[in-house]
Amino acid sequence: MKKIMLFSLSILLFSSFISADQDNTKEKANINSTLDAWHKAASEANYNAYFSLMTEDAIFIGTDATENWNKKDFQAYAKPHFDKGKAWSFTALERHIYFDKTGKTAWFDELLNTQMKICRGSGVLVKIGKEWKIKHYVLSMTIPNDNSSEVIKIKASIEDAMIKTLKSKQ
C-alpha cells in the first residue's frame, strides 16, 4: 500500500511540474506575440497598435542618456515619426523570458536587428486580465568590447558635461 501511495504521489507531483511548464510555455508564447506585435506596429508606423501594448504608466528608456520617458512623453516624442509613416524597425534575433512566482509579471532581454545594427532590449511586462502589457522597456546599443575605447572618445565631451550637470543636482 505504501508503494502505491508513493507512486501516486510521484505521478501527481510530476504532472504538476508538466502542467506548470506547459502554462509557462503558453505564457512565453503570448509574451513573444506581444513583443513581436509591438515591434511590428512600430515598423508599420501603427501608433495606436504600438501604444496600446504598453501600460498607462509605462516607461521607455532609449539609447541616449536623456531618453527616459513616461508613456505620455514617449508618445509625444514618437508621434511625429509615426505620422511620417516611418518609425523604427526592430526584429528579435534572440529573446529570454522569465516569470515571478505569481506568473503575472515577466521580464525579458532580447537582441534586436535594427537600423543601428544589433541592439539590446530589456523590460518588464505585466498581465492585465488575459493580456500582457509592456510596463518598462530599455533599448541599448551594443558596443563590441574591442571598440569601447573608440566609442568612449566619441561620446566623452557630451557625457562629461552631462555627468557634471547630474552631479550638481545631487
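Student: How many aromatic pairs does the count come to?

Tutor: This is a predicted model, where local features need pLDDT of at least 70, side-chain atom pairs count only at pLDDT 80 or more, and totals for chains, interfaces and linings use all residues. Residues are numbered from 1 along each chain as its sequence is written, and side-chain values use heavy atoms, leaving out hydrogens and water. Rings of Phe, Tyr and Trp (its six-membered ring) pair if their centres lie within 6.5 Å; planes under 30 degrees apart are stacked, over 60 edge-to-face, the rest tilted. By this rule the count is 22 aromatic pairs.

Student: Which kind of aromatic pair do Tyr50 and Phe74 form?

Tutor: A ring pair is described by the distance of the centres and the angle of the planes. For Tyr50 and Phe74 the centres are 6.2 Å apart, and the planes make 55 degrees. The pair is tilted.

Student: How many residues apart are Tyr50 and Phe74?

Tutor: Helices (H or I, at least four residues) and strands (E, at least two) are DSSP runs, numbered from the N terminus. Tyr50 lies in helix H2 (residues 47–52), and Phe74 in helix H3. The pair links distant parts of the chain, 24 residues apart.

Student: Is Tyr50 buried or exposed?

Tutor: Buried means under 20% relative accessible area, exposed over 50%, partly exposed in between (1.4 Å probe, protein chains only). Phe74 falls in the buried class, and Tyr50 too is buried.

Student: Which residues have the most contacts inside the largest nonpolar core?

Tutor: A nonpolar core is a set of buried Ala, Val, Leu, Ile, Met, Phe, Trp, Tyr and Cys residues joined through side-chain atoms within 4.5 Å. The largest one has 31 residues. H1 gives the most to this core, five residues. Those with the most contacts inside the core are Tyr50, Phe82 and Trp88.

Student: Which strands stand at the edges of the sheet?

Tutor: Two strands pair if DSSP finds at least two bridges between them. Six strands form an open, mixed sheet in the order S2-S1-S6-S5-S4-S3. Each edge strand has a single partner, so one side is left without a neighbour in the sheet. The edge strands are S2 (68–70) and S3 (91–99).

Student: What is the bridge partner of Phe60 in S2?

Tutor: Strand S1 (residues 54–61) and S2 run antiparallel, joined by three bridges. In S2, the partner of Phe60 is Trp69.
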